[in-house]
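Visitor: Could you take me in for a close look at the aromatic rings? I would like to know where they sit and what they pair with.

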Amino acid sequence: MDSPRQSKNRNREPKRSQNQSSTPPQKDAYARLLSQHCSSKFSLYLDQYAKDTAFQREGNGPSTLLKAQSDRQNIPQRKRDQVPNDFSDSSDFSPSSMKSKGEESSLSLYMEKLSTRSAQQDCERKQGVSDRQRWGQRRDTATSHDGDVESGEELSTLKPNDSKKHQKQQKKSKDSNREVASKEIDKFVGQPQSPKKASTSGQEQEKMKKSKKKNLPKHPEEEKSREGTSKSGFDTPMSPYGKDKTLQQSRASSANSPADKSKNKGGRGSKKQVFESYMAFEEVSHGLKRGELIQGQIRINPKKYHEAFVPSPDDTRDIFLDGIVARNRALNGDIVVVQILPREQWKVVRSDTDCDGTSESESLKENIVQKKTARTPRPDVTVEDQCSDQDELIRKVQNTTLTDTVEPLEDPSTPRPNGEILQKTAKVVYIVEKKHSRAVTGFLKFLPDKPFAMFSPVDHRVPRINVFLADCPEDFSSRPGDYSNTLFICRITSWAADSNFAEGQLAKTLGQAGEIEPETEGILVEYDVDFSEFSDEVLDCLPKNLPWTIPPEEMRKRRDLRKECIFTIDPSTARDLDDALSCKQLPDGNFEVGVHIADVSYFVGEDNALDAIASQRATSVYMVQKVIPMLPRLLCEELCSLNPLTDRLTFSVIWKITPEGKILSEWFGRSVIRSCVKLSYDHAQSMIEAPEKMFSAEELPPADPEHPIDEIHQAVLNLHSIAKNLRAQRFSGGALRLDQLKLSFTLDKETMMPQGCYVYQYRDSNKLVEEFMLLANIATAHHIHSRFPELALLRRHPPPKAKMVDELQELCDQLGIDIDLSSAGALHKSLNTTLGDDEYTTARKEVLTHMCSRPMQMALYFCTGVLKEEQLFKHYALNVPLYTHFTSPIRRYADIIVHRLLASSLNCGPNLGLSTEEVQKQASHCNDKKTLSKRVQELSSELFFGVFVKDCGPLDSEAMVMGVLDQSFDVLVLRYGVQKRIYCKSVAGLDSFHHRKVGKKSELTLVWTPEDPEKAPEEQVISIFTLVEVQLKADGAPMKYSAVLRRPEENES
């Protein structure tokens, strides 16, 4: 294995020059190169070439040196001396076109390569900047000092011929995988775009493409500053991806390099394209129809940002995009069209890759490995969301942590004798929709003698950005040090095809890095959360005469339930109360149970400014210290919120139900209610736990005197009893719930800083509300689907990836865990019966739950008219054929559409003014915004926990090992529910460590240096479920903390 230094030097090799239109005569080439390069390296190269030439005359093949360099360029063995040099555009990039184009000898290839390398080095010497100045200092939330489980990714320097284990990690990032249904949706809808002003259309992309071709630097100095390296395809020595990533770009698509040659055949000063021009829209459309191109959402690995993936349309192994050039200026989350590269450029992967422990050292050797990543303290894979709707079995790229799960490619090629298989590679040829906001937080770096500053994004998946000094703070040039810790927001304005760097403008100065409010605002901007004040046009859509009362004519249209005992149960801090419950015992011993949901669609009419902003925001975003509402606060917190002792408009579902939970009848309709009390989950829980207690008025919030406390208490107890039966039926019928730890905070009321944190307890009162919300959502789904089979907005949850399930089953078998992954119900039963009964049962279940969440797919909104097979409508976790969201219209736009459909079906509202395509477009947009809001919620929690550790740490806790790699392991910190990665090399007091793997079971043996020299070293074995002691300590970087492993003897003392 090469040393890091060797690897780094190799990685610095740029792509070969593309400025020569034909292969020059050897004599001229030698003369030209000798005049430019008088180094011993070049002399050595000439000697080697001479030997090789003589060697080949005797009938032998090229030397190992030339062979190695050929391999490094990803040139197939059989074509080493037939390197393509004249591709006019990306559409020509195919094996057949390679053969038809001009050929050139290996010699000219290597001379060109050497020439460009030295030209780059000369440029670096001329500029006279140090390495630190060149690359800049970057704060990296993805690659934090501890490299924790939040990102789950090893930072490894890649060798140029990494070409084997590339996919070990890749399965972990499969958050945007599509199942059969998605393919049908894409065919039906065509090029997906966000609704109502939320997207960049294909035509706009085409315009941008044309403008980028003509794009010239705005400053003559910019041309000058880039001149030195433009010949080799790299703007300045300060590549956003660092010197050791240079080769990745040439390797990313070896076709990209020759393809560019025809684009700039001018003299020395001409700028060379780094990226290929995008295909024309018509060409892309035809290519997609013919199956020659593939459309999908690009996912970029947060720590190995030269790696990106697009889901395979046949649902097998993801398609790999190797390097920045192959991504062609697409950013994470964009919808792109890719072209598969020739088979000889596909990646070689082992078919028996492990489910729980990529070898970090192996990832240096043979191809890159992608693990699942997260910046969050915990993956949010709960089956319920905030309103307890059990549908969020989500496995996102950023959100799960452990090691690499892999699915072998079901490929035309059969596995090779040594068990290796191929993974397809591709390059981006078109961006359908720029889903990434193009706004990033980061830091400004001053560059001497440059007309621009360098903006370094915190997220390394985004390139560095040139910002003209005129756009920087006035005194930045004279006092750049004053801004070293200032967090800015920068928006990318353009990214030319001939530049490694984007251009951008500073949008805002946020404040000091490490402070909660600047960091929070940065998160919101970066994830495209609209937190602006609502415009006057939007506010004009709200009722004017306040205090508002229900008009008499509206009252006559509705069922009057104001006399009923109806109440809300919510978190104590909730202000947007969109659901209420009622339960009345009938003379026959059965119950009349009602779920009453705020009638938001009464206030939000179709196609006005209020509707437009709600559809664009799509969801409220909940952070630790605040909520970014989907609707104006007048609606969220007052007119729609089911506040106590106030008449409110609602949509109700009322059932006649037996005590055992059997539904006898069902009624839907618009209604009016008057909540008699606002209970918190704590209040309801205390009622459930003390069924005989007589509660006094002082123990509960203010209540309507019309309904005595005893009546309310009995209604809660009856609901709890029915809910237990409903829940038991659900799980015996095959439902699944994956509980995961959720961190909550107590905040100082004045400063809003964290005073304490705790793991949120999910109790019977939460389960009570959850059961009736689920029941209402399921009932509504059946109702609207029966009335509008082509237009209903439902929510489906595809089953987990079969291959990943098989690998997890194999791992569990080797760990001795008796788990049945054959169905959702079997998995649920296993999780609740197989992990023993001791104080660590909960911890073991939590670790196993994380492992089981990895194969899970996302739950998705969709329009029923788009999917032809009803089997695809199913919700895997709930194990029901139809499901939707009806119960939270104040904070979810999907629920508003469902309310409109329901009103139309009951003839108490107008017909929905949307087509099937428009409903699907809105469904897709809601999916995107829901995913982003989850991520923002997690980052907010991570931010506050980082502050808490800094202010209150160090914090000691037991931890349980969740996964083992060959040089590190992941732990779940039990007291706080956060996950961290511990690197063996950074553990103080460790003498050595050894990794061992049997099948899929991975194990580390840590050898501790004895504190007493007379004693023998102590060994500690680390495997899944091992208990260890850790200490959480703040890092030097703002908001970051690491887990420090304690010595075993400290654990015992």
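Guide: Start with Phe862. Its relative accessibility is 0%, so Phe862 counts as buried. The term has cut-offs: buried means under 20% relative accessible area, exposed over 50%, and partly exposed in between (1.4 Å probe, protein chains only). Phe873 is buried too, with a relative accessible area of 3%.

A word on the model. It is predicted, so local features need pLDDT of at least 70 and side-chain atom pairs count only at pLDDT 80 or more, while totals for chains, interfaces and linings use all residues. Residues are numbered from 1 along each chain as its sequence is written, and side-chain values use heavy atoms, with hydrogens and water left out.

Now the pairs. Rings of Phe, Tyr and Trp (its six-membered ring) pair if their centres lie within 6.5 Å. Planes under 30 degrees apart count as stacked, over 60 as edge-to-face, and the rest as tilted. This rule gives 15 aromatic pairs.

Take Phe446 and Phe476. Their ring centres are 6.0 Å apart and their planes meet at 75°, so this pair is edge-to-face. The two residues are 30 residues apart, and the pair links distant parts of the chain. Phe446 is in the loop between strand E9 (439-445) and strand E10 (452-457). Phe476 is in the loop between strand E11 (465-468) and strand E12 (486-494). Strands (E, at least two residues) and helices (H or I, at least four) are DSSP runs, numbered from the N terminus.

Phe476 is buried, at 0%.

Back to Phe862 and Phe873. They form a tilted pair, 5.1 Å centre to centre, with 55° between the planes. Phe862 lies in strand E26 (residues 860-863), and Phe873 in the loop between E26 and helix H28 (893-905), so the pair ties together parts 11 residues apart in sequence.

Some rings join into a group. Phe446, Phe476, Tyr483 and Phe488 are linked by ring pairs into a cluster.

Rings also meet charges. A charge sits over a ring if NZ of Lys or CZ of Arg is within 6 Å of the ring centre and within 35 degrees of the ring normal. The charged end of Arg617 sits over the ring of Phe534, 4.2 Å from its centre. Arg737 lies over the face of Tyr762, at 3.9 Å from the ring centre.
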